[in-house]
Every structure is written in C-alpha cells, then in structure tokens.
Amino acid sequence: MTDDTTDPADGERTTSPPAEVRGEPAIPAQPAVVVRGVSAEHSGDHTHRDVTGGWLRPAVFGAMDGLVSNFALIAGMDGGTESGSRFIVLAGLAGLAAGAFSMAAGEYTSVASQRELARAEIEVERREIERHPVDEEYELAETYQAKGLDPDLAEKVAEQLHADPEQALEEHVREELGLDLNDLPSPVTAAASSFICFAAGAFVPLLPYLLGAANVIPALIVSLTALFACGAIVSRVTSRSWWYSGLRQLLLGAAAATLTYFVGTLVGPGVG
C-alpha cells in the first residue's frame, strides 16, 4: 500500500512508498470497538414478539376448535340424515353460535380465575416484604447467587432493589412466581380472541353449503385445506416446520370428522 500526499508548493499529489519501506512502523488495523462486551456491529435494535398477552393460545385454540368441531358436526349430520343441506346449515349455524359463546365464556372465566390467583399470590408476597423485609432481601440475594452472581454483588443488588418496595415486589414476583407484575393476561382479550377465531373457524365448513353445495365433499375439501393452512400459519410462532404443523392439524381434523361421520351413519337411521 502507498501513501498519497499533496505538495504544498505546487498543490500536486505525490505518492510515497509504504511505511514499511520508509522504515516507519506500520499502524495496525483497529479491531471493532467493544463496549461492555458488545461489538460496534451489533446495533442492539431487535424486538421480541408478545408472548404474555393472553391472546395467542385462545386465538389458536378457538380457530382450530371451531374448524374441527363444526366440520365434524357437519360430517356427522351428513352421514346421519337425509334431510338435505338446509338442515345441515341450520345445525352448523347453531354449532357456530353455541361454540363461540361457550368458548368465550370459558376463556373469560379461566383467565379471570388465573389472574385473580396471581393477584392473590402477589399480595401474599407484598405482605411478606412489609413484615419481613430483611428476610426477603436475603432470599432475593440467595436467588441471585444461585444464578451465578458473587455473594457480595448479589447482596448489593438485592439491597438496592429493596430500597424501593414496589421495585422489590416486582422482582420477587418475577423470580418466585414467574410473572410480570405489569403484564398479567387479560380475560377480555382472551374471550374476544376465542369468540372471533372460533366463529371464523366454524364458518369455513359452512361456506360451501351456503354457496349451494348439495353434499359434504366441497366442505371436506375446504375444511381440510383450511386445517392444513391453519397448522402451517401456527408454525410461524413455534419451532415446528410449516409442513409438519399443517399435516398434523389436517390429520387430527380429518380423524375427528371421519369418526363423527361414522357415528352419524350408525346412530342417524335409528333416530326417528
């Protein structure tokens, strides 16, 4: 490599031999700047998806349950009755409404109960910190030591956190209960997610009948396709491959519908 310089007398650029040839020490290449163990190339600008909002599980479960249950219901009605598509549509709409309201009520009750239990345990921890602050501070320091901190550092961190009772409570709740004090699941969110997704899933097998289908074959094709698609979409928030999740959901839904269809063929003719 050569060094380019400019002669101040005539403003012309001249080329000098490299530093090694001139006998001067070469300046080594500078490594990436590291601050607190993080290289300059790492911007730190990344985000995580919400995993604690209480909407994903009821949404996924609601969509899958609505699709599978109403598909199986329609298949069973098709196998057990000869009253035509009008009767099947009526049964499918009833299944959609009943299932959606039932799922929403169940999700609201279960998440509300879970939230109330969490709040009760949080109050237990609050009272313990108020009554036995020294013991609770020592307990928190032991938790940090178990995670690998030096005893002195663990005690200093615990002492600093306990200087603010609310911050101490938040840390104890996170470490002992695995909860975020400010991000507890919402029963309204869970109920709404479950209701909407169940209704959407249950509507899929009904759609061919509403468009004039005379037998279960169109509903079968649409429902199996939707089952595979739903399973593949769910894989985006899990570690499973899209084809594995899609195929698993398709097979489970098909098995449920097949069994219900045969139950309908066995029971239907005997029902007057």
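The protein exposes about 17,400 Å², of which carbon and sulfur atoms supply 61%; accessible areas come from the Shrake-Rupley method with a 1.4 Å probe, and for residues only the protein chains shown count as cover. This is a predicted model, in which local features need pLDDT of at least 70 and side-chain atom pairs count only at pLDDT 80 or more, while totals for chains, interfaces and linings use all residues. Residues are numbered from 1 along each chain as its sequence is written, and side-chain values use heavy atoms, with hydrogens and water left out.

**Overall fold**

- The protein has 10 helices and four strands (DSSP runs numbered from the N terminus: helices are H or I, at least four residues; strands are E, at least two).
- Along the sequence, the pattern is β-β-α-β-β-α-α-α-α-α-α-α-α-α.
- Of the 272 residues, 30% are buried (under 20% relative accessible area; exposed is over 50%, partly exposed in between, with a 1.4 Å probe and protein chains only).
- Among contacts (heavy atoms within 4.5 Å) between residues at least 6 apart in sequence, 63% join residues at least 24 apart.

**Helix α10**

- Helix α10 covers residues 242-267 and reaches 37 Å from its first C-alpha to its last, close to the expected 38 Å (1.5 Å times one less than its number of residues).
- Its buried residues are Ser245, Gly246, Gln249, Gly253, Ala257 and Gly264.
- These buried residues of α10 pack against α2 (56-80) and α9 (217-234).

**Cysteines**

- The structure holds zero disulfides (pairs of cysteine sulfur atoms within 2.5 Å).
- Cysteine 197 is in no disulfide, and its nearest cysteine sulfur, that of cysteine 230, is 9.2 Å away.
- Cysteine 197 is partly exposed, at 22% relative accessible area.
- Cysteine 230 also counts as partly exposed, at 24% relative accessibility.
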